[in-house]
Amino acid sequence: MPDVSPIVVVSGLPRSGTSLMMQMLAKGGIEPVTDHERQADADNPKGYYEFERVKKIKQDTAWLPDARGKVVKMISQLLFDLPATEHYKVVFMRRDMDEVITSQEKMLVRRGVNPPDPAVIKKAFESHLTKFFAWLPTQSTIDLIEINYNELVLDPIPSAEQIVEFLPMQVDLEQMLTAVDSSLYRNREIENAN
């Protein structure tokens, strides 16, 4: 019998907590789809859990059947290109927008890149999210749950319980929680205000 398991997709804006969610789901027992090309660094000490082929999803979908029953990370801009030949359970990370932008700025500066105007980035992100959530109801093969990163880090149990209920496969809740390290919660609003 062919495998008809859904593909779990962790998505959201860049720096919205997608790597943490990948860590949680991997700890919980869902096999991550990753090529380990991008190594852990100061911006993401526990690793990125990325898979380069997702960036070309519009041209290359051959890997998707092998991802059934597993979890893959994909920025939200790429969700528009998911083919309707698969079923997707999307865990969509939401984070305070100013924290997202601050985190990105710091990452770019560490890489020696001048960050773009924060106001321009914020407007572009907000426009993208508006477009995405208007498009989402037209997609019958995508089920989505939103998880707030800020709430997750401060009190992970409620969010983890929502995820366990949302996903059709068995997930170890207790193990998921071991991935949450609040000491890595940087760039929070309270820090920005000081």
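Val 9 stands opposite Val 72 of strand E2, and in strand E3 the bridge partner of Val 9 is Val 90. Strands here are DSSP runs of E with at least two residues, while helices are runs of H or I with at least four residues, both numbered from the N terminus. The model is a predicted one, in which local features need pLDDT of at least 70, side-chain atom pairs count only at pLDDT 80 or more, and totals for chains, interfaces and linings use all residues. Residues are numbered from 1 along each chain as its sequence is written, and side-chain values use heavy atoms, with hydrogens and water left out.

Two strands count as paired if DSSP finds at least two bridges between them. In general, strands of a sheet pair through backbone hydrogen bonds, either parallel or antiparallel.

Taken as a whole, the four strands make an open sheet in the order E2-E1-E3-E4, with parallel pairing. Strand E2 (71–75) and strand E4 (142–148) stand at the edges with a single partner strand each, so one side of each has no neighbour in the sheet. On average, neighbouring strands of this sheet are turned by 25° against each other, with direction ignored.

How much of E1 is buried? Six of its six residues are buried, so the strand is largely enclosed by the rest of the structure. Buried means under 20% relative accessible area, exposed means over 50%, and partly exposed lies in between (1.4 Å probe, protein chains only). Both faces of E1 are covered, with Ile 7, Val 9 and Ser 11 buried on one side and Val 8, Val 10 and Gly 12 buried on the other. Among the buried residues of H1 are Leu 20, Met 21 and Met 22. Just after H1, Gly 29 takes a positive phi of about 110°.

Leaving aside neighbours within four places in sequence, Val 72 is in contact (heavy atoms within 4.5 Å) with residues including Ile 7, Met 22, Phe 51 and Trp 63. In soluble globular proteins, nonpolar side chains tend to be buried together.

Helices also lie against the sheet. Helix H3 (residues 118–135) lies across E3 and E4, running at about 150° to E3. Helix H5 (residues 156–166) packs on the sheet and touches E3 and E4, its direction making about 170° with that of E4. These axes are lines fitted to C-alpha atoms, for helices over the stretch in contact, and angles run from 0 to 180 degrees between N-to-C directions.

Seven aromatic pairs are found in the structure. Rings of Phe, Tyr and Trp (its six-membered ring) pair if their centres lie within 6.5 Å; planes under 30 degrees apart count as stacked, over 60 as edge-to-face and the rest as tilted. Phe 92 and Phe 132 have ring centres 5.3 Å apart and planes at 15°, so this pair is stacked. Because Phe 92 lies in strand E3 and Phe 132 in helix H3, the pair ties together parts that are 40 residues apart in sequence. Phe 92 is buried at 0% relative accessibility, and Phe 132 is buried with a relative accessible area of 0%. Phe 92 and Phe 133 form an edge-to-face pair, 5.3 Å centre to centre with 75° between the planes.
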